[in-house]
Amino acid sequence: MNSDVVFIGLGNMGLPMALNLVRAGMRVSGHDLVPTSVEKFIAGGGNNNPDLVSAIKVAKTIITMLPASRHVESAYFGDNGILAQAKPGTLLIDCSTIAPDSARKVAAAASEKGFTMVDAPVSGGTGGAVAGTLTFMVGGSEDGFNVAKPMFEIMGKAIFHAGESGAGQTVKMCNNMLLGILMIGTSEAIRLGMANGMDPNVLSEVMSKSSGRNWALEVYNPCPGVMENAPASKEYSGGFGVDLMLKDLGLATENALSTSSSIPLGSLARNLYDIHSKSGAGGLDFSSIFNMFAKAQ
Ligand code: NAD
């Protein structure tokens, strides 16, 4: 089957994003190393060409939504990689969150082969991926941005051209460092209130209308039971993994070293998520950092 889109990486984000393309009438071949993810995609109306290389050869657009830089580079480079196998004119979009340098390296190699490529990391969580309301932060040429924009309009609501290749990843890195810090601060504040006998629902509602308001508090509350649909109320399952947040804070830390930037809170946040991950929480949603501040029983 000739697909309009080959979508590689059907995880917490990629699966609902790819399904939104299917619902919009696109022919999408979905791919993942985990067979159950592919099965979910097919159950939702998607297709899967079991031979990824032949799917890549005929695709008009290829979208990757993979964990980290190394996964993206291995998907693009090598004899069976996207750059070696895609036909001329294929639009290449990487939505993963990776290092800006890695995004520029892949985009430069793509450009050498005549492909249009954009880095297009997203924000908005799994809820935004399901609802098709993600924010896209796009790096690449103006032409590349304009060609890819209709895809982003299906999967998202706010679409920004941040600048040249890698600029989308730079914005995403700054955003996620701030998010990681805010989630820790929000957790501390709720725990402090609870230690004083406050109902976390009341506390969250009042702070959401006060100067401490932020996304972690208002949309993704880390305290179980405050928000029915937040990962905290589902035993911190799904959502955005602790290890993915740790990866993003690692990108910020490396970048700060190479740009001589001071990120004292970003560094502290990276260390706290690292300790949390090593306690066995790496696979839980990142809002589970709330558990780190529990009172001893
Ligand atoms: P995830 O771990 O749930 O999904 C990644 C998927 O990629 C997995 O299903 C994995 O099996 C698959 N994969 C890995 N290597 C592969 C390969 N070579 N070929 C095919 N599939 C492969 O991660 P996620 O939460 O969906 O996040 C994906 C990216 O989006 C990450 O870079 C993350 O930082 C970023 N992100 C996540 C969120 C979120 O809320 N989860 C929000 C914004 C951005």
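The chain is divided into domain 1 (5-163) and domain 2 (170-293), with bounds that come from an automatic or database domain assignment. This is a predicted model, in which local features need pLDDT of at least 70 and side-chain atom pairs count only at pLDDT 80 or more, while totals for chains, interfaces and linings use all residues. Residues are numbered from 1 along each chain as its sequence is written, and side-chain values use heavy atoms, with hydrogens and water left out.

**Between the domains**

- The C-alpha centres of domain 1 and domain 2 lie 27 Å apart, and 14 residues of domain 1 are in contact (heavy atoms within 4.5 Å) with 13 residues of domain 2.
- About 1,000 Å² is buried between domain 1 and domain 2, with carbon and sulfur atoms giving 66% of that area; buried area is the accessible area (1.4 Å probe) that two parts lose on being put together, summed over both.
- On the domain 1 side, Thr97, Pro100 and Met137 lose the most area to domain 2, and together they make up 41% of what that side buries.

**Around the ligand**

- Of the 22 residues around the ligand (a heavy atom within 4 Å), those that come nearest are Asn12, Met13, Asp32, Pro67 and Lys247.
- Domain 1 and domain 2 each contribute at least three residues to the shell around the ligand.

- Oxygen atoms of the ligand lie 2.9 Å from a backbone N or O atom of Met13 and 2.8 Å from a polar side-chain atom of Lys247.
- A polar backbone atom of Gly239 is 3.0 Å from a nitrogen atom of the ligand.

Methods: A polar contact is a pair of N or O atoms within 3.5 Å; within protein, one must be able to donate a hydrogen and the other to accept it, and residues adjacent in sequence count only if both atoms are side-chain atoms.
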